[in-house]
Amino acid sequence: MYRVIRTIHLYSGLIVGAYIIMYAFTGFVMLHPDWFPGGEEETTRQLVSSIAKNLSAELGQRESRALSYRLARELDLRGRPEDPKRERDATWIFSYRRPGTRETLRVTPGSEKVVLTVQKGGFAPTMRNLHHLHGYEGGLRFFLWGFFLDLVSAAMIFFSLSGIYLWYALKRERRLGWIVLGGSTAYVAGSILYLLF
Amino acid sequence: MKKILLDIHIYLSLFCAGYLVIYGLSSIAFNHDIRSSATQVEWQRQIAVPEAASDQALAEALRDALDLSGWVPSWRLRREEPHILVCAVNRPGKSYRLRLDQNSGKVQVTETREGLWGIVKGLHGLRELPNSPWGASWGLYTEISVWALIFAVLSGFYFWWLRPAARLPGWWLLLAGSGGSILFILYIIW
């Protein structure tokens, strides 16, 4: 049993190690945002879209969402589509987000000319976005991201529990371990109770 | 060398095990938008209205007078009438809507309890909590856990390297798992 758990503990660490370091590092950047470069730059350009040319001003929510995916494919926009918005002058706003980049497309129904604004964040905002990216929506790569996030989250819980088992099985003298584990567990449980009541 | 590193790996991990479980559970909760069902309670309190130079300062003084902890968001601050201040106080697991009558000193509080999931999600990246010394201690625990996690992964790589029989399958897993993850992270950003 000990060898099996130790092997899984080790090998699963090798599989998700890079992800864990990424989350730890991006978490660290979020704890100290002033230590890292931030900033933002914005560019705007005009593009031509055959989909926009045939766009109707009246679209339901489902149709507008489907359209945002089609526009992304046509114009090679790689972010996760957000809910499209319609302005008072009938212009449609399609937004796409990925870590560090926000693409906003302004589409006037009937016109093939669309305006694309790209906002690029610096290092710290990109790391923050990467840390916050979650959910399964937005196409295959965002689905995979959501899946890996679940995998790493489950791995965190597994590492903790299997680590406790491995310590218990490996060490004959357990007093220090009990003090450390008991103290930290009491602190976490106490913190939850403090916030609960 | 190995024994020292292994002991640090074990005891640091035991120290941070609680945070890692919170981190894992909260990440799953964020990924699937899991929430506890919220409950509301209302209560009233009479206070001596504090002196303050601005509405924001008054709201924060009101929070302190009620012995609450949490942030007072400026965008949820408003005057219902010239003598009635309405504000919110947010903290992991709970949010409060405060309505202060400055003439009478009466405060009506609507307390929304977001349950265990609200607390677990709030603890994910908490650095500090206004009007609560405990908040800073959790921020420190989080910081130590982040460093401990990085150390645990890197020392884990070292322990793997010390086991010749595990090197070949380990390389495959490392290349496919961690190598693939790095490429995927770059692909997501690109």
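B:Cys16 lies in helix α1 (residues 2–31) of chain B, where helices are DSSP runs of H or I with at least four residues, numbered from the N terminus. This is a predicted model, in which local features need pLDDT of at least 70, side-chain atom pairs count only at pLDDT 80 or more, and totals for chains, interfaces and linings use all residues. Residues are numbered from 1 along each chain as its sequence is written, while chains are lettered from A and ligands numbered from 1 in the order in which they are written.

**Around B:Cys16**
- B:Cys16 counts as buried because it has 27 C-beta neighbours inside 10 Å, the cut-off for buried being 20 or more other C-beta atoms within 10 Å, with C-beta atoms placed from the backbone.
- Leaving aside residues up to four places away in sequence, B:Cys16 touches B:Ile144, B:Ser145, B:Ala148 and B:Leu149, contact meaning that the C-beta atoms, placed from the backbone, lie within 7 Å.
- The C-alpha atoms of B:Cys16 and B:Trp147 are separated by 10.0 Å, although these residues are 131 residues apart along the chain.

**Between the chains**
- In all, 47 residues of chain B are in contact with 50 residues of chain A.
- The elements of chain B that give two or more residues to its side touching chain A are α1, α3 (115–123), α4 (133–161) and α5.
- Of these, α1(B) gives the most, with 18 residues.

**One helix pair**
- Helix α1 (residues 2–31) of chain A and helix α5 (residues 164–189) of chain B pack at an angle of about 25 degrees, with their axes 8 Å apart; axes are lines fitted to C-alpha atoms over the stretch in contact, and angles run from 0 to 180 degrees between N-to-C directions.
- That angle makes α1(A) roughly parallel to α5(B), a term for angles under 35 degrees.

Definitions and conventions:
Angles under 35 degrees count as roughly parallel, over 145 as roughly antiparallel, 65 to 115 as roughly perpendicular and the rest as oblique. A residue is buried if 20 or more other C-beta atoms lie within 10 Å of its own, exposed if 12 or fewer, and partly exposed in between; C-beta atoms are placed from the backbone. Two residues are in contact if their C-beta atoms, placed from the backbone, lie within 7 Å.
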